[in-house]
Amino acid sequence: MNLTKLFETQAKLDEHIQKKQGQQTVNLKNMILATIVEIGEMSNEWQGFKDWKVNPKPKEGLLEEIADVLSFILVVGNQLQHRGPLIIYPDGGCNRNGLVYSDITTQILSLTSYFIRLWEYEEIKEGYRDVLTTFAILTEMFGFSWDQVEEAYYAKNKVNHERQESGY
């Protein structure tokens, strides 16, 4: 996994969008809300929290929604000018303590809470690396490898560039 390349790829799309939309900067508040909305869309595709459904199995669009969440996590990271060590704690690493929850719903809520705190306090006190790690753990809990997530991200990034060219 090459997080530096992911951040750079997202920055190129963001610059393209800013130029196309005549914007000077990315509105961080809007990106925080967009991240939370995308986390909700991802959750809706997963469906595991829908206790009222007879068959709450994940929908086919889950991986694409995961890629959308990653896109906005990267946008926010670029806006925070995150330049620390771009690593995700490896599976089983002791630094994952406190970041791994027993169920997917709690993992989703934990990820969402980072962005609510960012909006409230204008920083992620725990560190941006914890956001990335919490997200990576969540994708593992969904049953996806990081390679699958990266592949989906790059495919969606290409679609997003095309959308900008077609007046999306």
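Trainee: In this predicted model, what makes the span of helix α4 close to the expected one?

Mentor: Helix α4 covers residues 104-121, which is 18 residues. The expected span is 1.5 Å times one less than the number of residues, and for α4 this gives 26 Å. From its first C-alpha to its last, α4 reaches 26 Å. The value is therefore close to the expectation.

Trainee: Which residues of α4 are buried, and what covers them?

Mentor: Ile-104, Gln-107, Ile-108, Ser-110, Leu-111, Thr-112, Tyr-114, Phe-115 and Leu-118 are the buried ones. Their cover includes α2 (28-46), α3 (62-79) and α5 (128-142).

Trainee: Why is Arg-117 called partly exposed?

Mentor: Arg-117, a residue of helix α4, has a relative accessible area of 25%. Buried means under 20% and exposed means over 50%. The value of 25% lies between these limits, so Arg-117 is partly exposed. Along the chain, Arg-117 and Ile-32 are 85 residues apart, and their C-alpha atoms are separated by 10.0 Å.

Trainee: What is found at the start of α4 and just after α4?

Mentor: At the start, a side-chain oxygen of Asp-103 comes to within 3.2 Å of the backbone nitrogen of Thr-105. A polar contact needs an N or O pair within 3.5 Å, so this pair meets that distance limit. Just after the helix, Glu-122 has a positive phi of about 60°.

Trainee: What makes the phi of Gln-47 worth a remark, and is Gln-47 buried or exposed?

Mentor: Phi of Gln-47 is near 70°, which is a positive value in a residue other than glycine. Gln-47 belongs to the loop between α2 and α3. Its relative accessible area is 4%, under the limit of 20%, and Gln-47 is therefore buried.

Trainee: How do you know whether Met-42 is buried or exposed?

Mentor: Met-42, in helix α2, has a relative accessibility of 0%. This value is under 20%, so Met-42 counts as buried.

Trainee: Which residues is Met-42 in contact with, once its neighbours within four places in sequence are left aside?

Mentor: The list is Leu-62, Glu-65, Ile-66, Val-69, Ile-108, Leu-138 and Phe-142. Each is called a contact because heavy atoms lie within 4.5 Å. For Met-42 and Ile-66, the C-alpha atoms are 6.0 Å apart in space, although the residues are 24 apart in sequence.

Trainee: What share of the contacts in the protein with a separation of 6 or more comes from residues 24 or more positions apart?

Mentor: Such residues account for 75% of those contacts. Across the protein, buried residues make up 43% of the 168 residues.

Trainee: How many helices and strands does the protein have?

Mentor: There are six helices and zero strands. Read from the N terminus, the order of elements is α-α-α-α-α-α.

Trainee: How much space lies in the largest pocket, and which residues lie nearest its centre?

Mentor: The largest pocket holds about 520 Å³ of space. Its lining has 21 residues, with Asp-14, Ile-17, Met-31, Phe-72 and Gln-164 nearest the centre. Two or more lining residues come from each of α1 (3-21), α2, α3 and α6 (146-165). Helix α1 gives the largest share, five residues.

Trainee: What classes of residue make up the lining of the largest pocket?

Mentor: Seven of the lining residues are nonpolar, nine are polar and five are charged.

Note on methods: Residues are numbered from 1 along each chain as its sequence is written. This is a predicted model: local features need pLDDT of at least 70, side-chain atom pairs count only at pLDDT 80 or more; totals for chains, interfaces and linings use all residues. Side-chain values use heavy atoms; hydrogens and water are left out. Helices (H or I, at least four residues) and strands (E, at least two) are DSSP runs, numbered from the N terminus. Buried means under 20% relative accessible area, exposed over 50%, partly exposed in between (1.4 Å probe, protein chains only). A polar contact is a pair of N or O atoms within 3.5 Å; within protein, one must be able to donate a hydrogen and the other to accept it, and residues adjacent in sequence count only if both atoms are side-chain atoms. On a 1 Å grid over the protein atoms alone, a cavity is a set of points where a 1.4 Å probe fits but cannot get out, and a pocket is an open set with protein on both sides within 12 Å along at least five of seven lines; lining residues have an atom within 4 Å of a point. Grid points are joined across faces, edges and corners, and a volume is the space filled by probe spheres set on the points. Ala, Val, Leu, Ile, Met, Phe, Trp, Tyr, Cys and Pro count as nonpolar, Asp, Glu, Lys and Arg as charged, and the others, Gly among them, as polar.
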